[in-house]
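The sequence and structure follow.

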Amino acid sequence: MTESRDARYPRLLAHSAAIILGLTITCGSITACGAPDSREDIMGEQYATETAIRTTAVQLYEAMSRNDWDRYYSLQCAQQRSDAPMDPGLARKMSRLEVRGVNIISRTDTSAEVEVRFRYSDEAADADHTEKITVIREGSDWLAC
């Protein structure tokens, strides 16, 4: 014999209440399970910061390789910016530069030490160069300094 719908309703209601109560006890509140300060959000913020730092380093070296000195100086902190033109010999050498990798050595909330690995396009495969640069936060931007 099948149970009527009216007879099943109280049991279904009690079952749903037990699930909600269990979630509330587990999370503290239902909204706490997805709180904005969860580990995933913190990791996402850290990833975004490290991506911004690496992007600054890559764009700095790419600006050198394109002899785009306006862009190059715009990626530098206030104390490093200059209006002086780049040495023509150095500019020619930089035009063959290719970034091979960026590694963040250390980082705080306001600065990072970054290792940039690059090669000049006319060099042998084992001719990578490495430079360490400092990147600092100025406002919301990360700039080489």
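Strands β1 (97-107) and β2 (111-120) run antiparallel and are joined by nine bridges; strands count as paired if DSSP finds at least two bridges between them. The model is predicted: local features need pLDDT of at least 70 and side-chain atom pairs count only at pLDDT 80 or more, while totals for chains, interfaces and linings use all residues. Residues are numbered from 1 along each chain as its sequence is written, and side-chain values use heavy atoms, with hydrogens and water left out.

- Opposite S106 stands E113 in β2.

**Nonpolar core**

- The largest nonpolar core has 22 residues, of which I53, L60, Y61, Y72, V114, V116 and I133 touch the most other members.
- Such a core is a set of buried Ala, Val, Leu, Ile, Met, Phe, Trp, Tyr and Cys residues joined through side-chain atoms within 4.5 Å; buried means under 20% relative accessible area, exposed over 50%, and partly exposed in between (1.4 Å probe, protein chains only).
- At least two residues of this core come from each of α2 (39-65), α3 (69-74), β1, β2, β3 (129-138) and β4 (141-144).
- Helix α2 provides the largest share of the core, six residues.
- Beyond its neighbours within four places in sequence, Y61 is in contact (heavy atoms within 4.5 Å) with L97, V99, V116, F118, E131 and I133.

**Aromatic pairs**

- There are three aromatic pairs; rings of Phe, Tyr and Trp (its six-membered ring) pair if their centres lie within 6.5 Å, and planes under 30 degrees apart count as stacked, over 60 as edge-to-face and the rest as tilted.
- One of the pairs is Y61 with F118, which is tilted, at 5.4 Å centre to centre and 35° between the planes.
- Because Y61 belongs to helix α2 and F118 to strand β2, this pair ties together parts that are 57 residues apart in sequence.
- Y61 and F118 are both buried.
- The pair of W69 and Y72 is edge-to-face, because the ring centres are 5.4 Å apart and the planes stand at 80°.
- Helix α3 holds both W69 and Y72, three residues apart, about one turn of the helix.
- W69 counts as buried at 15% relative accessibility, as does Y72 at 13%.
- One aromatic cluster is formed by W69, Y72 and Y73.

**Disulfide**

- The structure holds one disulfide, a term that here denotes a pair of cysteine sulfur atoms within 2.5 Å.
- This disulfide joins C77 to C145, with an S to S distance of 2.0 Å.
- The link of C77 and C145 is right-handed, with 65° about the S-S bond.
- Since C77 lies in the loop between α3 and α4 (88-94) and C145 in the segment after β4, the pair ties together parts that are 68 residues apart in sequence.
- C77 counts as buried, at 0% relative accessibility, whereas C145 is partly exposed, with a relative accessible area of 27%.

Technical notes:
Helix = DSSP H or I, 4+ residues; strand = E, 2+ residues; numbered from the N terminus.
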